[in-house]
Amino acid sequence: MKLTNKNITIIGAGNLGLSITKGLLKSGLLHQNKLTITRRKLDELEPFAEKGITITSNNKEAVQHADIVLFAVQPQQLSGIINEVNEVLTGKLIISTLTGVKLKVLQKHVGSNNRVVRAMPNTALAVQQSMTCISTNASKEDTELVQSIFSVLGKTIVIEDELMQAATVLGASGIAFWLRLIRATTQGGIQLGFDAPEAQKIAIQTCMGAASLLQNGSNAHPESEIDKVTTPKGCTISGLNEMEHKGMSSALIQGLVTSFKKINEL
Ligand SMILES: NC(=O)c1ccc[n+]([C@@H]2O[C@H](COP(=O)([O-])OP(=O)(O)OC[C@H]3O[C@@H](n4cnc5c(N)ncnc54)[C@H](OP(=O)(O)O)[C@@H]3O)[C@@H](O)[C@H]2O)c1
């Protein structure tokens, strides 16, 4: 569905809200739609006002004029803000990025008549490379509308709401996991003789190349691409096996499971 002539409001322009804002600015979607962003400390938003975005601390006014309202505040801030904007929320398409707040709970907060979609993106929104998982009870039309926002900011997938905690770990926290892997390989490169910027450049592009082989290549399984670079008795297989002896795959899986346990305790 094409997104045109809509007023979009983001309540809570912090890390995530601003990543969405930056991605939308880059996407060109704001040529046909209007964006309002809110937070209490407005001075942090001043640079965005210069780019044609409405900035305000008045959540009620921002929601009143909106067709689509995206909540990107911390979960504990939600009920206070809902109380603040409740009387002007009716009829809006509501999107929540709040970690751990299930669709059923959201629906209770905003009222059963309102249309609610849950979205779990990551901060690569800012560079239009997010993986955004979406769960919803809303109509196909509303779901497509939400997908049309997030698909200009990366890729989208619609999943069951029960899988949203797992999606948060794999996709949203996943950004930190992959960044740490890039950092670690960069440090290894420095030990092998590169200066830091060179090592980081090589690590980043190699990481992107590996992902692109799976995303754009003909063969979708990582192991068959690994087979192509591991000569028998060679240096790659020696290094790879040493990493596995030290528990690389196991550490990653255990880390994901630990994050998942933690998120379920929150
Ligand atoms: N960061 C991620 O990678 C990520 C990924 C997926 C989902 N999420 C979820 O997305 C939500 C936002 O995460 P975040 O990392 O962006 O958090 P954050 O940086 O703390 O942003 C929340 C923003 O809400 C604003 N805020 C607080 N009270 C407000 C109010 N009454 N009215 C308007 N704005 C208000 C805060 O600014 P002021 O203090 O100036 O008001 C703050 O900038 C969280 O629920 C998080 O679980 C985050």
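Guide: Start with "buried". A residue is buried if 20 or more other C-beta atoms lie within 10 Å of its own. Keep in mind that this is a predicted model.

Visitor: What makes both faces of strand 4 covered?

Guide: Strand 4 spans residues 68-71. I68 and L70 lie on one side, V69 and F71 on the other, and all are buried. Each of these therefore has 20 or more other C-beta atoms within 10 Å of its own. In the protein, 30% of the 266 residues count as buried.

Visitor: Why are strand 1 and strand 4 said to pair?

Guide: Pairing needs at least two bridges found by DSSP. Strand 1, residues 7-11, and strand 4 have four bridges, so they pair. The sense is parallel. Within this pairing, I8 stands opposite I68.

Visitor: How do you know that strand 4 also pairs with strand 5?

Guide: Apply that cut-off again: at least two bridges. Four bridges join strand 4 to strand 5, residues 93-96, so the two strands pair. They run parallel. Here V69 stands opposite I94.

Visitor: Why is the unit of strand 4, helix 4 and strand 5 called right-handed?

Guide: Look with the strands pointing away from you. A crossover is right-handed if the path from the first strand over the helix to the second runs clockwise. Strand 4, helix 4 (residues 78-85) and strand 5 make a right-handed β-α-β unit, so that path runs clockwise here.

Visitor: What makes domain 1 and domain 2 two domains?

Guide: The bounds come from a domain assignment, which gives domain 1 as 7-159 and domain 2 as 168-265. Their centres, taken over C-alpha atoms, are separated by 32 Å. The contact takes eight residues from domain 1 and six from domain 2. On the domain 1 side, four are nonpolar, four polar and none charged.

Key: Residues numbered from 1 in each chain as written. Predicted model: local features only at pLDDT ≥ 70, side-chain atom pairs only at ≥ 80, totals over all residues. Buried ≥ 20, exposed ≤ 12 C-beta atoms within 10 Å, placed from the backbone. Domains from an automatic or database assignment. Contact = placed C-beta atoms within 7 Å. Nonpolar A, V, L, I, M, F, W, Y, C, P; charged D, E, K, R; others polar.
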